[in-house]
Each structure stands twice: as C-alpha cells, then as structure tokens.
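Hi there,

Here is the structure I promised to pass on to you.

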Protein chains: 2
Amino acid sequence: MRKIAIIGSGFIGRAWAITFARAGFAVALADPVDGAPAAALRYIADVLPDLAANDLLGGATPEAVLGRLSAAPSYAAALDGAEHAQENAPEELALKIPLFAELDRLAAPDTVIASSTSAILPSLFTADLPGRARCCVCHPINPPYLIPAVEVVPAPWTAPETLARAADLMRAAGQAPIVMQKELDGFVMNRLQGALLEEAFRLVADGYASVEDVDVGIRDGLALRWSFMGPFETIDLNAPGGVADYAARYEQIYRRISPTQWRRVDWTGPVMDTVLAARRARLPEGELGARQVWRDRRLMALAAHRRKAAKEIGG
Amino acid sequence: MRKIAIIGSGFIGRAWAITFARAGFAVALADPVDGAPAAALRYIADVLPDLAANDLLGGATPEAVLGRLSAAPSYAAALDGAEHAQENAPEELALKIPLFAELDRLAAPDTVIASSTSAILPSLFTADLPGRARCCVCHPINPPYLIPAVEVVPAPWTAPETLARAADLMRAAGQAPIVMQKELDGFVMNRLQGALLEEAFRLVADGYASVEDVDVGIRDGLALRWSFMGPFETIDLNAPGGVADYAARYEQIYRRISPTQWRRVDWTGPVMDTVLAARRARLPEGELGARQVWRDRRLMALAAHRRKAAKEIGG
C-alpha cells in the first residue's frame with residue numbers, strides 16, 4: 001500500500017487525509033500538538049458517512065477508508081515508508097523554514113516533500129536544504145476531496161522528476177493538477193481569483209453594481225459555463241471560428257476596458273461597510289457556520305452531478 | 001396575455017423568444033430580412049423538444065410554447081400591444097441609432113424598448129429620442145433560456161420606472177436581473193470576464209501556465225463554488241469571521257499581486273499561436289459545432305441540477 005505522510009492535522013491536513021485515503025493510500029497524520037491527529041481522525045470519521053451518502057468514496061465504506069488512516073506519534077513515524085509528505089502548517093514563513101529543514105532531514109531521500117501553502121513561494125523556504133530538489137508546493141482549494149484542482153509549483157531548483165511524481169500522485173488521488181512552469185506570486189488560481197475580486201470590489205466601491213449583483217453575474221451567469229469548460233474553452237466556443245475568431249471580434253472591448261481596471265480599492269476601506277452590510281442582510285453572522293455546511297453539501301451534489309454529466313454527455 | 005416584441009430574429013432574438021414564450025408570454029418576432037422570423041420559428045421548433053426532455057419548459061409542451069410565438073410582418077405589427085421590445089440587431093452603433101429612432105416612433109408610449117447589446121452604452125443610441133426615458137439595455141448571456149443572468153443598464157436619462165419594469169419582466173421570465181446603477185463600459189459581466197481573461201492570457205504569454213492549466217484552475221477549481229454562490233459569498237464563507245475577516249487575513253496577498261496585473265498582452269499577438277495550438281490539439285476546428293451542442297447539453301443538465309439542488313439543499 002502506497003503511503004502518504006500528512007504533516008499538520010488542521011483543516012487542510014484533514015481534508016488531504018480524506019482525499020488520499022479515499023483513493024486507497026495509507027495515510028499517517030502527524031502534528032506537533034499532542035492528541036491533534038487523534039482529534040483529526042474523529043473529525044474525519046464524522047465526515048465520511050456524508051461522502052458515502054453522496055457516492056463520493058469511490059464505492060468504499062466509511063470504515064474501509066477510516067481503516068487506511070492512522071495517527072502517527074512523530075513526524076519521523078509518519079514519514080517512515082511514505083512516498084510523499086504533505087505539509088499543512090500555518091501560513092508563516094518563519095514556521096515553514098525550520099519545518100522543511102526538519103522534514104528534509106527526517107524523510108528518506110526519495111520522498112517528495114510538498115507544502116499546501118497558498119501564498120508563499122517555495123523558493124523562500126527550501127533554498128538552503130540539501131534535498132531542495134525534492135521539494136515543491138501542492139496547493140489545494142479546500143476541501144480537495146470536493147474540489148479537484150491542485151497547483152503543483154516548483155522552486156527554481158525543484159527537479160522535473162519531483163514535479164512529475166507530485167502530479168502523478170495527484171492524478172492517482174483523483175485530483176486535477178495544474179503544473180506551473182515556474183513559481184509566481186499567487187500561483188495561478190489566486191491570480192485569477194484576485195483579478196476577478198479586484199474588479200468586483202471596484203464595481204461596488206464605484207457604485208455601479210451591488211454586492212448581490214456581482215454574485216448574480218457570476219453564479220447565474222459566467223460561472224455556469226466556466227464550471228465545466230474553463231474560460232479558454234468558453235471563448236473558443238463563443239465565436240463561429242473558435243478562439244482566434246473570438247479575439248478578432250471582441251478583443252477591442254477588453255482592450256478598452258482593461259486600463260480602467262489598473263487601480264485598486266482598499267478592501268478594508270469604506271467599500272467593506274457596503275459589502276458587509278449587504279452580506280449580513282442576506283446572511284446573519286450567526287448563520288455563517290450553517291451556511292458553510294450548506295456550501296459543502298452543494299459542493300458534494302455538484303461533484304456527483306459533474307461525474308454523471310461527464311459520463312452521460314461527455315467531459 | 002402579455003406580449004413581447006422581438007426585433008431581429010438571429011441567434012440572440014431566437015433565444016429571447018424561447019425564454020419569453022416558455023414563461024407564458026405572447027412573442028412576436030420581426031426582422032428586416034423577409035422570411036427570417038419564419039426561419040427562426042422553425043429553428044425554435046427544433047430546440048423545444050430538447051428543452052422539454054430536460055424539464056426546462058416549466059411543464060408546458062413544445063407545442064404549447066410554439067403556439068405562443070408568431071412571425072410578424074413588420075416592426076409595427078410586432079410592437080402592436082407589446083409591453084416590451086427586445087432589440088437584437090448586429091453590434092454596430094450606426095445600425096442601432098436609426099433602429100432605435102424607428103422603434104421609438106412606432107411603439108406605444110408605455111412600451112419599454114431594450115437592446116441586447118453587450119458592448120455599446122445605451123446613451124450612445126438613445127440620446128436624441130423623444131422617448132429616451134423608456135429605453136435601456138437588457139444584455140443576456142447566450143442562451144438566456146439556459147443562463148439566467150441579464151444586465152439591465154440605464155442611460156443617464158432612463159426613467160427609474162423603466163428599469164423597474166424591465167427588471168420585473170426579467171424576473172417574470174425566469175431570469176436573474178442585475179440592475180446597474182449607471183452605465184459603464186463592459187457593464188458588469190464583461191468587466192469581470194475581462195479581468196479574468198486578461199490574467200489568463202498573461203499567464204500563458206509569460207510561460208507560467210498552459211492554456212489547459214488555466215481551464216483546469218477554473219473548471220475544476222474556482223468556478224465550482226462560484227457556480228452556486230458567486231465570488232462575494234465565496235469569500236464570506238472562506239474565513240471564520242466572514243468577509244471582513246477574509247479581507248483582514250488575505251487582502252495583503254491580492255494587494256501584492258494586483259499591480260503586477262496592470263498591463264495587457266495583445267490577444268491576437270504571439271500568445272494566440274500558443275492558445276490556438278493548445279485548443280486545436282484538444283478540439284479540432286471541424287468539431288467546434290459538435291462541441292457547441294455538447295456545451296448546450298451540459299448547460300441544460302446543469303440547469304436541472306441547480307434547480308434540484310436548490311430545492312433539496314437550499315438556494
């Protein structure tokens with residue numbers, strides 16, 4: 001049985017553990033806090049029946065998946081025999097640097113060591129490691145067992161073989177890896193999300209649209225096609241002659257708009273009063289937790305729909 | 001029976017006709033080309049059974065919906081008794097100006113006259129009309145009978161009542177109106193789409209990600225949550241304390257990224273060679289038409305899924 005070490009058993013680590021165990025891997029969780037891996041296993045035991053009910057355990061029972069998971073007493077124990085270590089420490093460079101040094105010292109030479117960081121470049125915490133060629137970032141969108149995209153990001157010294165192994169592992173775990181050709185602040189997804197959010201905040205701050213209008217424009221508009229095609233395939237199918245035809249017809253619109261988007265509004269400034277008032281009018285603060293449960297149920301139903309539609313209509 | 005005049009019976013006009021007729025309105029199609037409305041009705045008759053098979057006709061039969069549609073011999077005949085005229089001429093200002101003058105002359109004073117334009121500000125073709133207060137834009141994403149979002153955009157002189165009537169009509173037709181507070185180049189959706197596409201082209205042009213990687217990052221990543229929540233609700237649920245907490249935690253990342261996005265690459269320049277090669281490797285040019293049929297089937301299945309999920313899990 002192929003083994004994965006989960007380093008740090010908070011929300012991201014737990015979600016990774018579910019993802020790998022569901023795909024048939026042995027998963028050992030380790031955490032600097034005593035008892036944290038055991039608490040993570042209890043949390044996971046609560047989540048698995050919901051996934052089974054939505055046919056999202058690949059046919060396995062919750063008990064079978066749980067049987068692939070274990071709490072390790074130390075990083076060394078978790079890493080023993082693991083082909084891949086997935087690090088999920090808090091997003092602080094000062095923590096990642098000594099942690100990666102420790103993992104690089106403890107792990108067998110052929111273990112890939114990957115960070116879940118969303119915003120720290122891998123070059124910043126792997127530069128001085130003897131084993132820096134086997135280190136990279138594998139950044140998920142949480143929770144990875146419901147959202148397949150994962151960014152695989154190299155430092156300048158990451159070996160091509162490391163990237164290939166990380167990407168292959170992600171595919172084996174049912175994920176959809178994005179393999180970046182070099183590191184870049186924000187990677188791919190946060191750069192795309194940031195571009196969209198910056199415009200969303202500008203539209204609200206400048207008084208052109210409401211917070212709810214922006215959400216309607218995406219959830220009842222643009223994101224429907226994006227959710228099964230992505231933006232390039234969308235425009236490829238949006239002009240009779242394909243993507244070059246689309247650019248020839250419509251680029252002038254975007255060329256005109258784009259420079260008017262080259263400024264930002266401070267999200268924590270006055271616009272936040274507007275955003276907050278709009279959101280809390282639709283969802284009181286006390287209901288945020290219940291709405292997160294709703295979100296995960298909608299994500300589960302969407303995952304089931306996407307699998308069915310791909311099978312019946314084509315992917 | 002409430003009546004809608006469809007002015008111009010090409011692809012957008014036909015799709016609007018289906019949308020309104022499905023919702024129970026009488027719909028008259030007019031076109032400057034002889035025989036065009038009749039051809040549109042034949043096209044619509046072909047589409048309706050597919051919609052019925054996906055339970056997207058609100059329980060009506062294709063025959064019943066078809067019975068609400070008629071080909072009008074002239075603009076005047078189509079406008080006679082219509083509460084709303086939806087104009088769908090080609091995207092050329094030089095065409096819209098005389099067309100709107102004609103429609104304003106022919107339509108009863110209380111008929112709302114709306115353009116489907118995606119990229120021309122309503123002030124540019126309604127300024128000199130006696131009835132300019134009853135003119136606005138209602139911009140759909142095509143096809144509106146599968147994608148609910150519609151932008152309702154005022155010129156500076158559009159009456160608030162016009163906007164309210166247009167928005168009410170859109171809701172009655174099953175659409176999700178975005179009512180802009182003032183006109184702006186690109187409206188809301190093309191500004192959001194443009195922001196995302198500009199970054200997508202930059203990432204590919206600069207060699208950080210492949211065309212397929214960008215599509216994976218959206219379709220298997222960001223657009224899953226966006227497709228039922230929109231971007232503001234997504235970030236509201238992505239930090240324990242809601243959207244203000246999200247901004248406090250993560251704005252620094254976007255503040256750092258944003259200025260690096262303040263430049264554009266020419267979509268029709270060298271990057272298009274890369275985009276085109278990637279797209280044609282996945283989808284030969286000869287299969288674009290079949291893939292558009294696939295897209296519409298996936299959109300139909302997604303619409304059915306969204307309705308079911310909203311009912312069972314909550315919207």
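**A buried pair, and what else turned up**

Asp220(A) is buried, and Arg219(A) is buried as well. These two residues form a salt bridge, with 3.4 Å between the closest N and O atoms. Please keep in mind while reading that this is a predicted model.

**Other salt bridges**

Over all chains, the count comes to 52 salt bridges.

In chain B, Lys96(B) is bridged to Glu91(B), and their closest N and O atoms are 3.5 Å apart. Lys96(B) counts as buried because its relative accessibility is 1%, under the 20% cut-off.

Lys308(B) and Glu312(B) form another salt bridge, where the closest N and O atoms are 3.8 Å apart. Both residues sit in helix H12 of chain B (residues 288-312), four residues apart, or about one turn of the helix. Lys308(B) and Glu312(B) are both exposed.

There is also a network of salt bridges, which links Glu198(A), Arg264(A) and Asp266(A) with Glu251(B) and Arg255(B).

**Chain A as a whole**

The secondary structure of chain A consists of 12 helices and eight strands. Its radius of gyration is 21 Å, close to the 20 Å that the globule rule gives for 315 residues, so chain A is as compact as a globular protein of that length. Along the principal axes, the C-alpha atoms of chain A fill a box of roughly 55 × 45 × 45 Å.

Of the 315 residues in chain A, 61% count as buried. Among contacts in chain A with a separation of 6 or more, 68% are between residues 24 or more positions apart. The accessible surface of chain A is about 11,600 Å², and carbon and sulfur atoms account for 55% of that.

An unreviewed UniProt entry places the feature "domain: 3-hydroxyacyl-CoA dehydrogenase NAD binding" at residues 3-182 of chain A. Over this stretch the chain is 39% helix and 20% strand, and the end C-alpha atoms are 28 Å apart.

UniProt, again in an unreviewed entry, places "domain: 3-hydroxyacyl-CoA dehydrogenase C-terminal" at residues 186-267 of chain A. Residues 186-267 are 71% helix and 0% strand, with 18 Å between the end C-alpha atoms.

**Backbone details to check**

- The peptide bond between Asn142(A) and Pro143(A) is cis, with omega about -5°. Pro143(A) is in the loop between strand E6 (135-140) and strand E7 (149-153) of chain A.
- In chain B, the bond from Asn142(B) to Pro143(B) is cis too, with omega near -5°. Pro143(B) belongs to the loop between E6 and strand E7 (149-153) of chain B.
- Phe187(A) has a phi near 50°, a positive value in a residue other than glycine. This residue lies in the loop between strand E8 (176-179) and helix H8 (189-205) of chain A, and it counts as buried at 0% relative accessibility.
- Asp55(B) has a positive phi as well, near 55°, and is likewise a residue other than glycine. Asp55(B) is in the loop between helix H2 (36-53) and helix H3 (62-66) of chain B, and counts as partly exposed at 43% relative accessibility.

**Surface and interior**

Which residues form a nonpolar patch on the surface, with about 230 Å² of accessible area together? They are Leu93(A), Ile97(A) and Leu124(A). Leu93(A) belongs to helix H5 (residues 93-106) of chain A, and is partly exposed, with a relative accessible area of 30%.

Ala278(A), in helix H11 (residues 270-282) of chain A, is partly exposed at 28% relative accessible area. From Ala278(A) to Glu212(A) is 66 residues in sequence and 7.4 Å in space, C-alpha to C-alpha.

Cys135(B) is in strand E6 (residues 135-140) of chain B and is buried, with a relative accessible area of 1%. Leaving aside neighbours within four places in sequence, the contacts of Cys135(B) include Phe100(B), Ile113(B) and Leu129(B). Cys135(B) and Asp213(B) are 78 residues apart in sequence and 43 Å apart in space, again C-alpha to C-alpha.

Key. Residues numbered from 1 in each chain as written. Chains lettered and ligands numbered in written order. Predicted model: local features only at pLDDT ≥ 70, side-chain atom pairs only at ≥ 80, totals over all residues. Heavy atoms only, no water. UniProt positions renumbered as here; feature names shortened; annotations may be inferred. Helix = DSSP H or I, 4+ residues; strand = E, 2+ residues; numbered from the N terminus. Patch = residues over 30% accessible without salt bridge, like charges linked within 9 Å, V, L, I, M, F, W, Y side chains within 5 Å. Areas by Shrake-Rupley, 256 points an atom, 1.4 Å probe, with all protein chains shown as cover. Salt bridge = Lys/Arg side-chain N within 4 Å of Asp/Glu carboxyl O. Buried < 20%, exposed > 50% of the residue type's maximum accessible area, 1.4 Å probe, protein only. Rg over C-alpha atoms; globule rule 2.2 N^0.38 Å. Contact = heavy atoms within 4.5 Å.
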